[in-house]
Amino acid sequence: MESIRPQRLQPGIRFGAGSTGTLRSSLRPGVTVPTAPLLPPPASLCASSGPPPPLQLHSLHGTIGSAGLGTGVAGFGLCNPGNPAVLKEAVEAVVRSFAKHTQGYGRVNVVEALQEFWQMKQSRGADLRNGALVVYEMVPSNNPPYVCYVSLPGGSCFGSFQFCPTKAEARRSAAKIALMNSVFNEHPSRRITDDFIEKSVCEALASFNGNREEADNPSTGIGAFRFMLESNKGKSMLEFQELMTVFQLLHWNGSLKAMRERQCSRQEVLAHYSHRALDDDMRTQMAADWVNREQGVAGTIAQEVAATDRELEEARLAGRELRFHKEKKDILMLAVGQLDAANTATLPSTC
């Protein structure tokens, strides 16, 4: 039995002759748990359409609540994530505040400031397994607007959220939104505590008309939700989002549905993947699943790429955390590469 278990918990959906899995399989609440917005809406931004006052860290609070039990991807949320002016002013306010307390008044180099912020965290004992390097990725383009993504040491990803006429401006825009979320993530209100867990579970019960017994039973959706929160007590929202990306991808790929068909319990799946980082092996297995889908129905990957591109663009312009969308795109592109390699290998020789 023990030798079979690792196979049952593989992200790939192929297992035996009759297990195929389906795209975006329906999951009961709590199997995949997106997190709360990385920046909850300060009340001051909701009360007026005018320029927001300087943001105060102590005025912010975050909840996972009912949003944490859905299958969508929760992101960065101001009152109106689609309002570029509000988002820009909020970001600028945080950058100015950070500059004032770290470098004095004057123009701040946000690219340098973001790197220094993470180096400071590492020097103070933060567990950064891959180091403190902040990585930028420009989207290839010969004409504006230019787009840049930035990946933080823990894996979280953000992108330029403004119209950027130059590559340097795109890099600065990405650094601004990443610095804003990095700074807010340090506030105590962004930590998962007993009070936070209790409040989130109560909101989940209310949203899904559940009862208290469900919350205490890890085999139920809400019980699994509580289990995930308690397993990550003390972590920040950003750290929790990084972990949840794995489960979001497993759901998107159809892997969670396939695991249920293999009689894997929620507790077994959660325990296994809560301690497994997203790596190349997992990406390769998911890409292989998409290759199989494409071979079954031509055009499947192109359709999913188009949908992912739209989601990524919308989330980027709204200033949301992007890793889930970016990983989907990378997995799909990996699948395209696997298909091209397979097609090349089967071409008849011209020699």
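1. Let me start in the sheet: Val135 has Ser151 of strand 2 as its bridge partner. Ser151 also stands opposite Cys157 in strand 3. Strands here are DSSP runs of E with at least two residues, and helices are runs of H or I with at least four residues, both numbered from the N terminus. Two strands count as paired if DSSP finds at least two bridges between them.

2. A word on the ground rules. This is a predicted model, in which local features need pLDDT of at least 70 and side-chain atom pairs count only at pLDDT 80 or more, while totals for chains, interfaces and linings use all residues. Residues are numbered from 1 along each chain as its sequence is written, and side-chain values use heavy atoms, with hydrogens and water left out.

3. Back to the sheet, which is open, has three strands in the order 1-2-3 and pairs them antiparallel. Strand 1 (135–138) and strand 3 (157–159) are the edge strands, each with a single partner, so one side of each has no neighbour in the sheet. On average, neighbouring strands are turned by 20° against each other, direction ignored; the axes behind that angle are lines fitted to C-alpha atoms, for helices over the stretch in contact, and angles run from 0 to 180 degrees between N-to-C directions.

4. Now the pairings one by one. Strand 1 and strand 2 are antiparallel and joined by four bridges. Strand 2 (residues 148–151) and strand 3 are also antiparallel, with three bridges between them. Tyr149 stands opposite Gly159 of strand 3. The hairpin of strand 2 and strand 3 has five residues between the strands, and Gly155 takes a positive phi there, near 115°.

5. What about the cysteines? The search of the whole structure turns up zero disulfides, a disulfide being a pair of cysteine sulfur atoms within 2.5 Å. Cys148 is in no disulfide, and the nearest cysteine sulfur, that of Cys164, is 8.6 Å away. For Cys164, the closest cysteine sulfur is in Cys148, and 8.6 Å is too far for a bond. Cys148 is buried, at a relative accessible area of 0%, and Cys164 is buried with 0% as well. Buried means under 20% relative accessible area, exposed means over 50%, and partly exposed is in between (1.4 Å probe, protein chains only).

6. Helix 5 (residues 167–184) deserves a look. Its 18 residues reach 26 Å from the first C-alpha to the last, close to the 26 Å expected at 1.5 Å a residue; the expected span is 1.5 Å times one less than the number of residues.

7. Next, the packing. The largest nonpolar core has 40 residues, and Phe247, Leu250 and Tyr273 have the most contacts inside it. Among the elements giving two or more residues to this core are helix 6 (194–207), helix 8 (221–231), helix 12 (280–296) and helix 14 (323–346). Helix 9 gives the most, with nine residues. Apart from this core lies another of 33 residues, including Val91, Val95, Leu114 and Tyr146. A core here is a set of buried Ala, Val, Leu, Ile, Met, Phe, Trp, Tyr and Cys residues joined through side-chain atoms within 4.5 Å.

8. On to charges, where the count comes to 19 salt bridges. The rule asks for a side-chain nitrogen of Lys or Arg within 4 Å of a carboxyl oxygen of Asp or Glu. Arg129 and Asp127 form one of these, with the closest N and O atoms 3.8 Å apart. Arg129 is exposed at 75% relative accessibility, and Asp127 is exposed at 62%.

9. Arg226 and Glu230 meet in a salt bridge at 3.0 Å, N to O. They are four residues apart in helix 8, so about one helical turn separates them. Arg226 is buried, with a relative accessible area of 13%, whereas Glu230 is partly exposed at 40%.

10. Finally, Asp309 and Lys329 meet in a salt bridge at 2.8 Å, N to O. This pair links distant parts of the chain, with Asp309 in helix 13 and Lys329 in helix 14, 20 residues apart. Asp309 is partly exposed, with a relative accessible area of 32%.
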